[in-house]
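The tour below goes from one selection to the next and says what is found at each stop.

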Amino acid sequence: MMRTQISDVLMPDGAREQIAAIMRSRLRKAGLRGPYAEADCDLGKRMAKLTGKGEGAYLWGEPGTGKTYAAACAVRMAVLDGTSAKLVTTSRLLDDIRSEYDGGERGALRRAERYRLLALDDLGAERPTEWAIATLTRLIDTRVAEGLPTIVTSNYRIGQIRDIWGGHGGQARRIAPRRCVQAHRGQGAGQEARMIVSASQLRGVPKDRAELYGKPHVGARYVGNRYELTAERCGICGRQATNCHHIVPRRCGDFALVTPRGTWRLRSPLIALCGSGTTGCHDGFHGGARYRPEWVWDEPEFEEAWWDGTLLCEHEPHDPALYAYGHWAITDAKTGRTIEITEG
Ligand SMILES: [Zn+2]
Ligand SMILES: [Zn+2]
């Protein structure tokens with residue numbers, strides 16, 4: 001794709017108008033009209049950053065949370081950047097592709113496979129016929145194979161799409177990229193969250209914190225109500241470990257994960273550290289809160305499997321085997337660096 005760079009310095013008015021008209025026409029061809037041709041929001045910019053790196057995004061949330069607007073913003077930024085991009089409603093694209101078979105306009109599928117950025121809007125609103133599901137999954141597969149990012153927006157999370165797609169539900173997994181973003185109403189940019197966990201399951205515990213419980217220890221373990229180090233080295237800096245820290249603050253206690261497959265009383269994971277509560281790396285988890293630990297799932301499906309009890313039916317809490325599904329990401333507020341712990 002040829003990039004066009006236009007400098008408007010010393011440009012006669014007529015030329016500037018002409019260029020504006022060309023840009024409007026490009027935006028229209030990219031599926032951006034009305035307010036979408038000027039879409040500009042933080043969530044959209046974040047998606048543009050992701051897709052710029054070749055990553056896809058699955059953006060879901062209730063109607064009216066600005067998903068289409070955010071997708072339009074990402075597409076608009078790609079167009080301004082001189083890239084081929086398209087925002088299209090999923091059902092509309094399917095109609096266009098189907099009409100080719102009836103001798104209508106040709107090439108809709110081929111074009112959809114080749115846009116540098118494709119935003120499929122409102123997945124789940126189309127009729128979930130076998131043909132529609134096969135066409136959509138083949139389209140995404142082709143784009144993934146070519147390294148081309150796709151943004152998918154939907155009123156449904158992937159687990160629900162799986163239900164809607166019934167017997168072909170297994171295919172839904174292929175639609176979802178690693179990055180699932182939930183759009184929230186009235187929170188402006190839309191907060192990033194991987195999935196909704198029901199309030200009754202969380203019982204007032206913030207999702208971020210609840211997600212920490214039961215995950216692998218780092219260099220330590222419980223022995224009854226006490227704990228001991230299993231590693232000699234600090235999980236952060238590698239110096240001599242002297243004690244261990246509760247990743248979930250002790251005052252928060254345990255967390256009962258109630259699922260259709262069983263109930264588990266989950267404890268805080270432990271991490272071996274140097275220093276004490278007021279010195280060394282251990283201090284970094286207290287007072288100044290320099291280190292912020294987060295458990296990151298590798299796939300949205302793994303996260304769902306944890307919250308519905310499937311993973312815990314196979315693995316004990318704190319099992320290092322859980323690293324097959326996710327990892328620790330410990331953000332260092334001082335350096336901006338993230339320390340990833342990916343194996344036990
Ligand atoms: Zn240390
Ligand atoms: Zn501590």
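Start by selecting strand β8 (residues 243-246) together with β11: the two pair in the antiparallel sense over four bridges. Two strands count as paired if DSSP finds at least two bridges between them. Helices (H or I, at least four residues) and strands (E, at least two) are DSSP runs, numbered from the N terminus. Within this pair, Cys244 has Ala272 in β11 as its bridge partner.

Stay on β11 (residues 270-273), whose two faces are both covered. Leu270 and Ala272 are buried on one side, and Ile271 and Leu273 are buried on the other. Here a residue is buried if 20 or more other C-beta atoms lie within 10 Å of its own, exposed if 12 or fewer, and partly exposed in between, with C-beta atoms placed from the backbone.

This is a predicted model, in which local features need pLDDT of at least 70 and side-chain atom pairs count only at pLDDT 80 or more, while totals for chains, interfaces and linings use all residues. Residues are numbered from 1 along each chain as its sequence is written, and chains are lettered from A and ligands numbered from 1 in the order in which they are written.

Next select Arg233, in the loop between β7 (226-229) and β8. Is Arg233 buried or partly exposed? Arg233 is partly exposed, because 15 other C-beta atoms lie within 10 Å. Draw a distance from Arg233 to Ala272: their C-alpha atoms are 7.2 Å apart, although the two are 39 residues apart in sequence. Apart from its neighbours within four places in sequence, Arg233 is in contact (C-beta atoms, placed from the backbone, within 7 Å) with Gly219, Gly238 and Ala241.

Now show the three strands of an open sheet, in the order β12-β13-β14, with antiparallel pairing. β12 (291-297) and β14 (338-341) stand at the edges with a single partner strand each, so one side of each has no neighbour in the sheet. From one strand to the next the twist averages 25°. Strand β13 (residues 326-332) pairs with β12 over seven bridges, and Glu294 stands opposite Ala329 in β13.

Move on to helix α2 (residues 42-52) and helix α3 (residues 67-80), which pack at an angle of about 50° with their axes 7 Å apart. Axes are lines fitted to C-alpha atoms, for helices over the stretch in contact, and angles run from 0 to 180 degrees between N-to-C directions. The residues that meet include Leu43, Met47 and Ala48 in α2, and Ala70, Cys73 and Met77 in α3.

Two backbone stops follow. Most residues other than glycine have a negative phi. Asp122, in strand β3 (residues 117-123), has a positive phi near 65°. Asp122 counts as buried, because it has 20 C-beta neighbours inside 10 Å. Then select His318, in the loop between α13 (310-314) and β13. The phi of His318 is also positive, near 70°, and with 20 C-beta neighbours inside 10 Å His318 counts as buried.

Finish by displaying the whole chain. How many helices and strands does the chain have? The chain has 13 helices and 14 strands. Of its 344 residues, 35% count as buried. Among the contacts in the chain with a separation of 6 or more, 71% are between residues 24 or more positions apart.

How values were computed
Two residues are in contact if their C-beta atoms, placed from the backbone, lie within 7 Å.
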